[in-house]
Amino acid sequence: MQTITRLTLLSAFAVLAGCASQPPAGPPGNHLVYRDSSGNATRQFDYPDVAFCQKVEAMAGRGARCQAEAASGLTAKATLRYMPPGVMVEGHYSDLGRCRTDTGSLPPGVQLVAPCSPK
């Protein structure tokens, strides 16, 4: 019985700890923001609408969430095209180094339209 209680408490703390590193839940938006384990924004992609953002979020993993407000502190940008459907997406990055690393090798179907530059 004590083992079950301990496991239940450990599970509850693990869930709470996981939630603590997530940004606060808000209304979904078209800004897909990636955060590091400390909660700092590392990159953001501005999609044309919430539905498109949520499709990408489903594939992106735990570190990314669609949100209504743009993240602050991102100092570099690049423009990408998703083929198909030919959607232009503005990418925002924590700095030029992160931008260049991320855009240096893009997955199939993603093209770099405008290279990294300061915001």
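A search of the whole structure, which is a predicted model, finds six aromatic pairs. Phe-45 and Tyr-93 are both buried. The two pairs are set out below.

Ring pairs link Tyr-34, Phe-45 and Tyr-93, together with Tyr-47, Phe-52 and Tyr-82, into a cluster.

**Fold and core**

The protein contains three helices and six strands, and from the N terminus on its elements follow the order α-β-β-α-β-β-β-α-β. Of its 119 residues, 29% count as buried. Among the contacts between residues at least 6 apart in sequence, 56% join residues at least 24 apart.

The largest nonpolar core has 18 residues, and those with the most contacts inside it are Leu-32, Phe-45, Tyr-47, Leu-80, Val-89, Tyr-93 and Cys-99. At least two residues of this core come from each of strand E1 (31–35), helix H2 (50–60), strand E3 (64–67), strand E4 (76–82), strand E5 (87–93) and strand E6 (110–118). The largest share, four residues, is supplied by E4. Val-89, which is one of the residues with the most contacts inside the core, touches Phe-45, Asp-46, Tyr-47, Ala-78, Thr-79, Leu-80 and Tyr-82 when its neighbours within four places in sequence are left aside.

Asp-46 is placed in strand E2, which spans residues 41–46. Asp-46 is buried yet has no salt bridge, and the nearest side chain of opposite charge, that of Lys-119, is 6.9 Å away. The side chain of Asp-46 does make a polar contact of 2.7 Å with the side chain of Gln-44. Beyond residues up to four places away in sequence, Asp-46 touches Asn-30, His-31, Val-89, Glu-90 and His-92.

Thr-79 lies in strand E4 and counts as buried because its relative accessible area is 17%, which is under the 20% cut-off. Its side chain makes a polar contact of 3.2 Å with the side chain of Glu-90, and Glu-90 is also touched by Asp-46. Apart from neighbours within four places in sequence, Thr-79 is in contact with Met-88, Val-89, Glu-90, Gln-111, Leu-112, Val-113 and Ala-114. Thr-79 and His-92, 13 residues apart in sequence, are 8.8 Å apart in space from C-alpha to C-alpha.

Cys-66, in strand E3, is likewise counted as buried because its relative accessibility is 9%. The C-alpha atoms of Cys-66 and Asn-30 are separated by 6.0 Å, although the two residues are 36 residues apart along the chain. Not counting residues up to four places away in sequence, the contacts of Cys-66 comprise Pro-28, Gly-29, His-31, Leu-32, Cys-53, Gln-54 and Glu-57. Of these, His-31 is also in contact with Asp-46, and Leu-32 is one of the core residues with the most contacts.

**Local backbone features**

The bond joining Met-83 and Pro-84 is cis with omega of about -25°, and the bond from Pro-84 to Pro-85 is cis with omega near 15°.

Helix H2 has a local feature at each end. At its start, a side-chain oxygen of Asp-49 reaches to within 3.2 Å of the backbone nitrogen of Ala-51. Just after H2, Gly-61 takes a positive phi of about 105°.

Technical notes: Residues are numbered from 1 along each chain as its sequence is written. This is a predicted model: local features need pLDDT of at least 70, side-chain atom pairs count only at pLDDT 80 or more; totals for chains, interfaces and linings use all residues. Side-chain values use heavy atoms; hydrogens and water are left out. Buried means under 20% relative accessible area, exposed over 50%, partly exposed in between (1.4 Å probe, protein chains only). Lys and Arg count as positive and Asp and Glu as negative; His and the chain ends are not counted. A salt bridge is a side-chain nitrogen of Lys or Arg within 4 Å of a carboxyl oxygen of Asp or Glu. A polar contact is a pair of N or O atoms within 3.5 Å; within protein, one must be able to donate a hydrogen and the other to accept it, and residues adjacent in sequence count only if both atoms are side-chain atoms. Contact means heavy atoms within 4.5 Å. A nonpolar core is a set of buried Ala, Val, Leu, Ile, Met, Phe, Trp, Tyr and Cys residues joined through side-chain atoms within 4.5 Å. Rings of Phe, Tyr and Trp (its six-membered ring) pair if their centres lie within 6.5 Å; planes under 30 degrees apart count as stacked, over 60 as edge-to-face and the rest as tilted.
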